[in-house]
Amino acid sequence: MDDILRFAGSYWWLIFIVGPIVGGWIGAAAKYSERRRRDRIELERIRRAPVQAVPPAPEQGKGKGKGATDDRLEREDRDRQIQRIIADHAEADRRWLDFELDVAKLIDYPLMTDMREPLTQTFHRAKRVADGLKPSEPEELRPPGALERYREAVRDFEVAFEAALREAKRRAQSGFTDAERGRLQSAQRLMALAENEASTAAERQSAYRQARRELDGLIALPEATTHDIERRIAGELLP
């Protein structure tokens with residue numbers, strides 16, 4: 001004990017070097033824990049959120065004088081809201097489609113299609129709900145409650161996608177062994193060759209087949225992904 005006290009008394013100045021480093025580690029860990037906590041809270045809200053109740057129908061007798069003007073303004077405002085949320089849904093779909101049709105991204109961040117991952121499950125579930133409520137015509141969102149339910153579903157889709165993407169980027173390929181990561185990198189190179197129009201038909205066909213074998217058991221490419229690739233190189237694939 002005396003030796004420890006003598007050491008501390010002689011090297012008290014080390015606290016100015018070690019202190020900021022330890023403090024930085026603690027601060028980073030706290031920020032990460034807080035971000036994960038917020039994600040869990042938000043995703044739990046998505047899972048538990050009840051369907052918004054349908055508001056009561058408007059009272060009869062409105063539509064004259066000032067009431068008619070108010071009704072018109074309300075309809076115009078609602079129409080703007082409808083167009084805005086439909087556009088938001090289209091943008092969320094575009095972001096996912098850009099990811100889904102990019103094999104290189106899917107290989108870099110395999111958690112985005114790994115349905116064993118809770119955040120990925122929540123994202124795909126939220127997307128299905130939003131897609132199910134998407135109207136074929138804007139008029140379908142005019143009945144009371146329809147727009148509110150659709151807006152909530154689109155917001156859940158956006159939040160769940162961001163949470164899943166953040167986690168996928170954080171973990172990247174960390175769940176794979178060195179040998180498996182080697183296979184993923186090989187598949188990435190082969191897919192690039194298969195999509196390279198400067199390559200010969202035989203090279204593209206062979207590269208695609210080999211890439212699928214490398215990915216087998218590691219990543220299940222979405223049907224839309226494989227369909228898009230095969231459509232673009234259909235002329236190079238032999239029966």
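1. The model discussed here is predicted. The protein exposes about 15400 Å², and carbon and sulfur atoms supply 56% of that area. Of its 239 residues, 31% count as buried.

2. **Overall architecture.** The protein contains nine helices and zero strands. Its pattern along the sequence is accordingly written α-α-α-α-α-α-α-α-α.

3. **The nonpolar core.** The largest nonpolar core comprises 42 residues. Within this core, the residues with the most contacts are Met112, Phe123, Met191 and Leu215. Two or more core residues are given by each of helix H3 (66-100), helix H4 (103-108), helix H5 (118-133), helix H6 (146-171), helix H7 (178-194) and helix H8 (201-215). Helix H6 provides the largest share, with 12 residues.

4. **Leucine 215.** Leucine 215 is one of the core residues with the most contacts. Which residues does leucine 215 contact, leaving aside its neighbours within four places in sequence? They are Ile107, Arg183, Leu184, Ala187, Met191 and Leu221. Met191 in this list is itself among the core residues with the most contacts.

5. **Helix H6.** At 1.5 Å a residue, the 26 residues of H6 should span 38 Å, and the end C-alpha atoms of H6 are 38 Å apart, so the two values agree. Just after H6, alanine 172 adopts a positive phi of about 45 degrees.

6. **Histidine 89.** This residue deserves attention, and the student may wish to locate it in the structure. Histidine 89 lies in helix H3. Is histidine 89 buried or exposed? Histidine 89 counts as buried because its relative accessibility is 0%, and the cut-off for buried is under 20%. The side chain of histidine 89 is joined to that of tyrosine 150 by a polar contact of 2.6 Å. Leaving aside neighbours within four places in sequence, histidine 89 is in contact with Ala130, Asp131, Lys134, Tyr150, Val154 and Phe157.

7. **Alanine 126.** Alanine 126 is found in helix H5. Because its relative accessibility is 7%, alanine 126 counts as buried. Not counting residues up to four places away in sequence, alanine 126 touches Ala153, Asp156, Phe157 and Ala160. Alanine 126 and phenylalanine 157 are 31 residues apart along the chain, yet their C-alpha atoms are separated by 4.8 Å.

8. **Helix H7.** Helix H7 has 17 residues and reaches 24 Å from its first C-alpha to its last, close to the 24 Å expected at 1.5 Å a residue. Its buried residues are Leu184, Ser186, Ala187, Leu190, Met191 and Ala194. An α-helix has 3.6 residues a turn, so residues three or four places apart point the same way. On the other side of H7, Asp178 and Arg189 are exposed. The buried residues of H7 pack against H4, H8 and helix H9 (223-232).

Notes. Residues numbered from 1 in each chain as written. Predicted model: local features only at pLDDT ≥ 70, side-chain atom pairs only at ≥ 80, totals over all residues. Heavy atoms only, no water. Core = buried A, V, L, I, M, F, W, Y, C linked by side-chain atoms within 4.5 Å. Buried < 20%, exposed > 50% of the residue type's maximum accessible area, 1.4 Å probe, protein only. Helix = DSSP H or I, 4+ residues; strand = E, 2+ residues; numbered from the N terminus. Contact = heavy atoms within 4.5 Å. Areas by Shrake-Rupley, 256 points an atom, 1.4 Å probe, with all protein chains shown as cover. Polar contact = N/O pair within 3.5 Å; in protein donor to acceptor, adjacent residues only side chain to side chain. Expected span 1.5 Å × (residues − 1).
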